[in-house]
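Reader: I would like to learn how to read a structure one feature at a time. Could you take me through this one slowly?

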Amino acid sequence: MQIEAAVARKKFGPLNFETLDLEEPRHNEVRVRLAASGVCHTDMAIRDQKIVPMPQPIVLGHEGAGIVEKVGASVVKVKVGDRVILSGDSCGNCPSCQISLPSYCYEFFQRNFGGGRADGTSPLSVNGEKVHTFMGQGSFATHVVCHDRNVIAVAKDAPLELLGPLGCGVITGAGAVINSLKVGVGKSIAIFGTGSVGLSGVMAAKLVGAGKIIAIDLRDDRLKLAMELGATHTIDPSKESIPEAIKKITGNGVDFTLETTALMPVLRQAIDVLALRGTCGFVGGAPEGSELTFVASHVMNGGRTIRGIILGDTNPEEFLPKLIELHALGRFPLEKLVTFYPFKDINRAIEESLNGKCVKPIVRF
Ligand SMILES: [Zn+2]
Ligand SMILES: [Zn+2]
């Protein structure tokens with residue numbers, strides 16, 4: 001069938017609207033008609049080849065949500081008409097997949113950053129030219145064909161258009177706080193960067209009953225939003241020194257830090273401000289080969305931990321329905337992060353995300 005897609009053909013350039021050919025789903029694949037897709041900083045970083053070089057032309061987008069339109073012969077987890085969120089692809093068989101941690105799938109890189117299926121093919125083409133996909137989906141398009149492990153079924157009454165970002169940005173921040181760092185009641189946490197990942201972390205820290213929740217960013221409006229979502233303190237590093245401000249707030253350093261900016265000097269600070277036995281989790285997509293330095297004695301003598309985290313250590317099948325329920329109860333106000341755009345305005349959505357005008361753009365089809 002033919003679909004409409006926003007195709008990336010060059011670095012830093014706008015996405016190009018094109019009509020593409022989409023293959024029929026294979027036996028273990030599904031076709032999803034998208035209702036909406038989140039736009040994530042990783043999409044832009046991949047377009048501009050800042051993280052890893054991925055082949056172009058490519059349909060980016062990895063926070064899709066939609067309705068299952070067709071399923072392959074061996075698919076049993078969803079059926080036609082099911083409402084689904086799209087997340088990353090995984091193999092289902094490796095040691096990580098076997099313990100329900102698909103974001104550490106042994107084939108994660110190849111399946112999500114390889115530009116197509118695990119076997120190197122892509123379901124997309126235009127006039128015989130191969131068009132690549134991202135994260136096993138490519139959700140900047142009216143339809144995707146993806147592996148059945150990409151999709152997570154949600155309830156019939158779930159607010160589909162709002163939920164695409166749960167597949168990446170939101171579970172990255174919320175999962176890091178809840179699953180990876182396991183922030184406990186009354187513990188302090190400092191969150192570096194208040195984009196959608198950082199603010200999801202703030203909401204999660206409030207949910208788990210963290211004590212001091214410190215949001216750090218250069219933007220005043222973001223810090224205000226962080227306070228609204230549960231932060232108890234904010235730091236604007238253009239106005240005060242982060243280590244001094246954290247010392248003033250916590251006395252002995254902070255129990256947990258969550259670093260979302262992917263800037264190595266900021267990550268270094270997130271390690272330096274840890275209290276004894278504190279843990280720093282970091283989640284940003286830094287350019288391949290980025291190196292971090294830290295003071296070994298500070299980490300070792302203090303029993304401190306530095307922890308890399310992908311997609312919040314979540315089993316999306318289990319974690320997403322919980323977040324959706326918390327959202328329905330008003331305890332995870334995801335809608336406060338979101339600005340909707342029509343699909344035709346995707347380039348404006350990207351621009352306004354890059355210049356910080358919006359936190360989490362979602363395009364609707
Ligand atoms: Zn696997
Ligand atoms: Zn993302």
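**The metal site and the sheet**

Author: The zinc ion (ligand 1) is coordinated by the SG atoms of Cys 91, Cys 94, Cys 97 and Cys 105, at 2.3 to 2.4 Å; donors are N, O and S atoms within 2.8 Å of the metal (3.2 Å for Na, K and Ca), and because water is not among the atoms, sites may look incomplete. This is a predicted model, in which local features need pLDDT of at least 70 and side-chain atom pairs count only at pLDDT 80 or more, while totals for chains, interfaces and linings use all residues. Residues are numbered from 1 along each chain as its sequence is written, chains are lettered from A and ligands numbered from 1 in the order in which they are written, and side-chain values use heavy atoms, with hydrogens and water left out.

Reader: Which arrangement do the 4 donor atoms around the zinc ion (ligand 1) make?

Author: Four donors count as tetrahedral if all angles lie between 85 and 135 degrees. Here the angles run from 103 to 116°, which makes the arrangement tetrahedral. The donor residues follow the spacing C-x2-C-x2-C-x7-C in sequence. Cys 91 lies in the loop between β6 (83-86) and α2 (95-98), and Cys 105 in the loop between α2 and α3 (108-113), so the pair ties together parts that are 14 residues apart in sequence. Helices (H or I, at least four residues) and strands (E, at least two) are DSSP runs, numbered from the N terminus.

Reader: Is Cys 105 buried or exposed?

Author: Buried means under 20% relative accessible area, exposed over 50%, and partly exposed in between (1.4 Å probe, protein chains only). Cys 105, with a relative accessible area of 5%, is buried, and Cys 91 counts as buried at 13%.

Reader: In what order do the strands of the open sheet come?

Author: Strands of a sheet pair through backbone hydrogen bonds, either parallel or antiparallel. In this open sheet of 6 strands the pairing is parallel and the order is β13-β12-β11-β14-β15-β16, where two strands pair if DSSP finds at least two bridges between them. The edge strands, β13 (233-235) and β16 (305-308), each pair on one side only.

Reader: Which residues of α8 are buried?

Author: Ile 242, Ala 245, Ile 246, Ile 249 and Thr 250 are buried in α8. Seen down the helix axis, they fall within an arc of 110° (taken from the directions from the axis to the C-beta atoms), so they line one face of the helix. On the other side of α8, Glu 244, Lys 247 and Lys 248 are exposed.

Notes. Tetrahedral: all angles 85-135°; square planar, octahedral: opposite > 155°, others 65-115°.
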